[in-house]
Amino acid sequence: MWSAELSLALALTIPAVGGVFVALLGNKPNLREGATLVSAVLLAINVAYLVEIAPSEPTLVLANIAPGLQLTFKLEPLGAIFAAVASGLWIVNSLYSIGYMRGNNEKNQTRFYVCFCIAIASAMGVALSGNLLTMFLFYEVLSLSTYPLVTHKGDENAKRGGKIYLTILMGTSIGLFLPAVIATHFLAGSTDFVAGGLLALNDVQPMIAGILLIMFAFGIGKAALMPMHPWLPNAMVAPTPVSALLHAVAVVKAGVFSILKVGTYIFGPTLIAAAPSSEPLAWIAAISIVLASVVAITKDNLKARLAFSTVSQLSYVTLGVMLASPLAMLGAALQIIMHAWGKITLFMSAGAIYTATKKTEISQMRGLGKYMPWLFGAYTVGALSIIGLPPLGGSWPKLFLMQGAWDAGQAIMIVALVASSILNVAYLLPLSARGFFAPADEAKLKKQPPALVILPPVITAAGVIVLFFLIGPIRDYLEPVFMPLASAGAL
Amino acid sequence: MDFLVNLLPSGLAHHAPALVIVIPLVAAAVAALMPNGRLGWIVAMVTASLVAFFSLVVLGLVLSDGLISYHMGGWEPPYGIELRVDALNAVVLALVGVVGLLCVIFALPSVGDEIEEGKQALFYSAFLVALAGLLGVTITGDAFNVFVFLEISSISTYTIIAMGAGKDRRALTASYNYLILGTIGATFFVIGVGFLYMATGSLNMADIGQILQEQGHNRVTQAAFAFIVVGLGLKAAMFPLHVWLPNAYAFAPNFVTAFLASTATKVAFYALIRFLFSVFHPDVAFVELSFTWVFAAVGVIAMMVASSQAIFQTDARRLLAYSSVAQVGYMMLGLGMGTAAGLSAGILHLINHAIMKGALFMALGAFALHFGVRQIRDLNGLGRTMPASAGAFTIAGLSLVGVPLTIGFTSKWYLITAALERGWWWAVAALIISSLMALAYVARMLSAIWMESPPEHHGAKPAARHAPYMVLVPMGILAFANLYFFFHADVLVGLAEAAANAVTGGH
């Protein structure tokens, strides 16, 4: 009965069916949230199984749409890890959503939870896709299903943000990503993800591969490589649970995950290294890292600051892929995991502060740490992880990326990574300092925030610490993806 | 489709090509005699069902047995009139038949709302004549017959467009403009046919093709080519001969717009392919030149110019009309590639475009039925007040952009692949840019539908309304087809490839 194929199909159907139940139970809020939580837990269990069996690379054909065109799932370690991050954090985030949405009396909650389910289903689709066509399809569904979430408030500001969101994401995907997919199909006769790189195996010239690499790097707008990043700060008009799970984890990570997967399985590290455009793209990623951090310092709005921080952190992954050395790519994969846990902590903290005090600007948040010590503690742990301090998970990707940059002969990129860490300190820690040490403006809080908005960031902050010590198993799990290619490249 | 063929006695199946034209022509006379609109509609409905059935029978016969040559009145071609059906026109015939039937179902509430009761029976009569004309153009193997049927369909089309005057008097000038231009186009076409007759002494298209192959070309046949391309190009709304189309679509009754958008230009485009490939030959130097320098060039210009014009329209149907001109450009580009892959991608888009525009115009018709929607700002809040129709509109709109999960994506995939095979990078760029412009104009309508709140009347929000089932069912079928044929793209791709191979021989 139970088989790998069934499990692959379930990864897509659990959240989708969950969405149907959420819609049906729309007028019974407690049962509705129960449906979300049950689907989240079931999905996480299912994905845990998928992580277990990923090295055997099972495949599942979803549909034969025309001769030579298939929608397929193919499990491999990278996708399994991304699915695990997204589904695991979905549980925590669902708890948080309940607290946040009820605590702030948001409207249209049923639509919110339904779209959330569809978004998670499409993130699973991106994670498990077996070829570019499937990946593109779920990538687009992810853009469309998150649009109602971004514009949830429905006011002018939300509409404006939603317009920029959809214009950039759809524009880049149709304008660059889609032609790159079709060109790949034309050059290689298929769009399957193949170990060693589909284009490399088809002996595509480095020049043409270089053009395609540019089209992928900018066409996958969800990776927010500058100058394709403005959709991300504009998506912050969404309710905070959306920013937390989708715009720190599922959507943006779907973007950089796509770049990593395309780099690993469509180009292959050798071809990326040979392509003339990889070095300029690495520079653009490095500039994105530094520039976005500088912009983040200028933002007083906490969510806007976190958004620019995300733009900066996403480019770590793009940088790792463009450096194309095994350790750099491993660092890129680790960054997907570690940054997700750190950044969701920060966003959930921002939302919790808003729920308790309705404050959005950092300058107004003085002294709040005394009233919400656990929350500010969680925030500080998340921030330190993003900065890259041991013993927190975020330190590993930086280490691997620096080593990878050295291996790739691009030692100069280490400077960008160090500069980014220093800038991270400058824009993330002031809030902790203000919260704990500055005198409070007001005598006390209006109300204590519900436990459901405090507990989730504490859980993820604890996760960040645990992840630091889990590096061994994670590294062993991911290494086979990158290492055999390295030996092939060296020959 | 063999089971359809088996339903008929073999004698009758043999006559299916003739019945496809004869039934609507006779029914048109019957409909004109009907005392009221409802009876007129019943006649139209029965006729359209029979036409859809027989057109599918013809398609089934062609796909299983190959070319059908039906001799009208038993006279041998090239002296008698021949109905000649290969995979190319069988596909177009089935498309017109099936979409025509869906449109007629939609007609009952829509026409009932927009046309005066006393004129409805006559309206259906004129519609059936137009349908017969379009089917006639598609099925006949005789060049002069093409002209006759083209005029039959055009003249009745002028009438039914002008019937929109009940709602907006500008329908009269729109129809008049179309009449003048349409007549010029028909004249050009018949002059071209005359030249061909002069040069070859034959009117049978296959026969002309053979004679031209044997005796070669001269100035007369070159002039004929130019006249025919302009004449049919005008009917197909080939840029820059499309100027009649936006107003005609914008002011005609909604039913007429839905019907014309998914059939009329498609039939003219088919006739163009037929003349290019079967009468003239794509290997002839001046025909080959025209592929790149006329059809591909004009197609790309249409994709750019008409798409950008669409972005700035305020009238919803005019917007979609400009989009149609751009979409004809996609088909022209596919044709202009001069390869079997390009032509089949063009034909695939012809089928897909009929499906998506049919659904879009029907949804606009549904909106017009309850809320009198004409302008884009009238679309505000329809996602809340008419969710089912708005959903169908959204699916078809996304299909127009080419979002995956819809047939629009399949069209683009095959067009871009064909362009890459031809090495035409600029065509790929044009396809992409035009898709982005489609995104812009579709997003304008969708954001009005879903993001704006419905206008308030005397402080009260309008109640949610459901379109009648006679609208929901055909619209739902077309919207569903937009999704279904993404997952079963092989069906339509197979038909398009068979159609293209019928005239190119597969290379």
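Helix H4 of chain A covers residues 109-128, where helices (H or I, at least four residues) and strands (E, at least two) are DSSP runs numbered from the N terminus. At 1.5 Å a residue, its 20 residues should span 28 Å, and the end C-alpha atoms are 29 Å apart, which agrees; the expected span is 1.5 Å times one less than the number of residues. Of these 20 residues, 18 are buried, so H4(A) is largely enclosed by the rest of the structure. Buried means that 20 or more other C-beta atoms, placed from the backbone, lie within 10 Å of the residue's own.

This is a predicted model, in which local features need pLDDT of at least 70, side-chain atom pairs count only at pLDDT 80 or more, and totals for chains, interfaces and linings use all residues. Residues are numbered from 1 along each chain as its sequence is written, and chains are lettered from A and ligands numbered from 1 in the order in which they are written. The model scores ipTM 0.84 and pTM 0.89.

The largest nonpolar core has 412 residues; such a core is a set of buried Ala, Val, Leu, Ile, Met, Phe, Trp, Tyr and Cys residues joined through C-beta atoms within 7 Å. Its largest share, 21 residues, comes from helix H14 (residues 326-357) of chain A. Among the residues with the most contacts inside this core is Ala11(A). Leaving aside neighbours within four places in sequence, Ala11(A) is in contact (C-beta atoms, placed from the backbone, within 7 Å) with residues including Leu43(A), Met124(A) and Leu128(A).

Between the chains, 20 residues of chain A are in contact with 20 residues of chain B. H6(A) gives the largest share of chain A's side, 11 residues.

Technical notes: Two residues are in contact if their C-beta atoms, placed from the backbone, lie within 7 Å. A residue is buried if 20 or more other C-beta atoms lie within 10 Å of its own, exposed if 12 or fewer, and partly exposed in between; C-beta atoms are placed from the backbone.
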